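Please look over the sequence and the model first.

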Amino acid sequence: MWGYWAVALFVLTEAFGIPLPGETAVILAGTYAGHTHRLSPWLIFVVAASSALSGGLIGYAIGRFGGYRLVRRWGHKIRLDEQKLRISRYLFDTYGTRVVFLGRFVSVLRTYAALLAGTSRMQLRRFAIANAASAIAWAAIFSYASYVAGNTLRRSSGTITWALIALAVVAIALAIIVMRRRMEDLAARA
């Protein structure tokens, strides 16, 4: 139960502009679900998608209704200056929906895309469509891929254990051989 709340909290806050590891939370939850089957991958997907969607809309609203003043005043704290605001305005005017959609898959841009879209006065309808599509695609890809990875890890854990044991035996044998040769060299020099 706490896993879903953690995913919701991290993804939501990251989506509206606070740099927290939302993507990492989804990956960890999906891997845990695949490995232990104590969380549902479908619920992880629903929680991640709805949190990303909601967080994006909150970030857009913050940017739209006061974000420019906030960014001008406090932007230096997150390395946003006047030049970067001009660049973001140009990018959102020219490539708005693509920036919002693809930005969900780039860690730094995922955190600030919604805020900058609002600050740049991107049309709400265009933003909402791109935000929803990207939230659903992002949550589906990351929750499914991490679930599959966790499930694969669980199924192959016996094989991995034996491979690690074999690797450890080989490493110990090589260390013994090297030590013996080194001792023989030292004895010959002495």
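In which hand, left or right, does α2 pass α6? The crossing of α2 past α6 is right-handed. A crossing is right-handed if the near helix is turned clockwise from the far one, and left-handed if anticlockwise by less than a right angle.

This is a predicted model, in which local features need pLDDT of at least 70 and side-chain atom pairs count only at pLDDT 80 or more, while totals for chains, interfaces and linings use all residues. Residues are numbered from 1 along each chain as its sequence is written, and side-chain values use heavy atoms, with hydrogens and water left out.

**Helix pairs**

Two packed helices are described by the angle between their axes and the distance between the axes. Axes are lines fitted to C-alpha atoms, for helices over the stretch in contact, with angles from 0 to 180 degrees between N-to-C directions. Helices are DSSP runs (H or I, at least four residues), numbered from the N terminus.

α2 and α6 pack at about 40°, with axes 6 Å apart. They are therefore oblique to each other. Angles under 35 degrees count as roughly parallel, over 145 as roughly antiparallel, 65 to 115 as roughly perpendicular and the rest as oblique. On the α2 side, the contact (heavy atoms within 4.5 Å) includes Gly22, Glu23, Val26 and Ile27. Among their partners in α6 are Trp138, Phe142 and Ser143. By class, this contact has seven nonpolar, nine polar and two charged residues. Ala, Val, Leu, Ile, Met, Phe, Trp, Tyr, Cys and Pro count as nonpolar, Asp, Glu, Lys and Arg as charged, and the others, Gly among them, as polar.

The axes of α1 (residues 2–15) and α3 (residues 41–74) come within 7 Å and cross at roughly 25°. These two helices are therefore roughly parallel. Their crossing is right-handed. Residues in the contact include Val7 and Val11 of α1, and Ile44 and Ala48 of α3. The contact of α1 with α3 has 12 nonpolar, four polar and no charged residues.

**Cores**

A nonpolar core is a set of buried Ala, Val, Leu, Ile, Met, Phe, Trp, Tyr and Cys residues joined through side-chain atoms within 4.5 Å. The largest one has 19 residues, and Val7, Val11, Val26, Leu39, Ile44, Ala48 and Trp138 have the most contacts inside it. α1, α2 (22–36), α3 and α6 each give two or more residues to this core. A second, separate core of 15 residues includes Tyr60, Leu80, Val99 and Ala130.

Leaving aside residues up to four places away in sequence, tryptophan 138 touches residues including Val11, Val26, Ala48 and Phe105. Valine 99 is found in helix α4 (residues 82–103). Its C-alpha atom is separated by 8.8 Å from that of alanine 130, 31 residues apart along the chain.

**Accessibility**

Buried means under 20% relative accessible area, exposed over 50%, partly exposed in between (1.4 Å probe, protein chains only).

| Residue | Relative accessible area | Class |
|---|---|---|
| Serine 134 | 0% | buried |
| Valine 99 | 15% | buried |
| Histidine 37 | 42% | partly exposed |
| Arginine 121 | 46% | partly exposed |

Serine 134 lies in helix α6 (residues 124–155). Beyond four places in sequence, serine 134 touches Val100, Phe101, Arg104 and Phe105.

**Positive phi**

Most residues other than glycine have a negative phi. Histidine 37 has a positive phi, near 60°, and is found in the loop between α2 and α3. Arginine 121 has a positive phi of about 60°. Arginine 121 is found in the loop between α5 (107–119) and α6.
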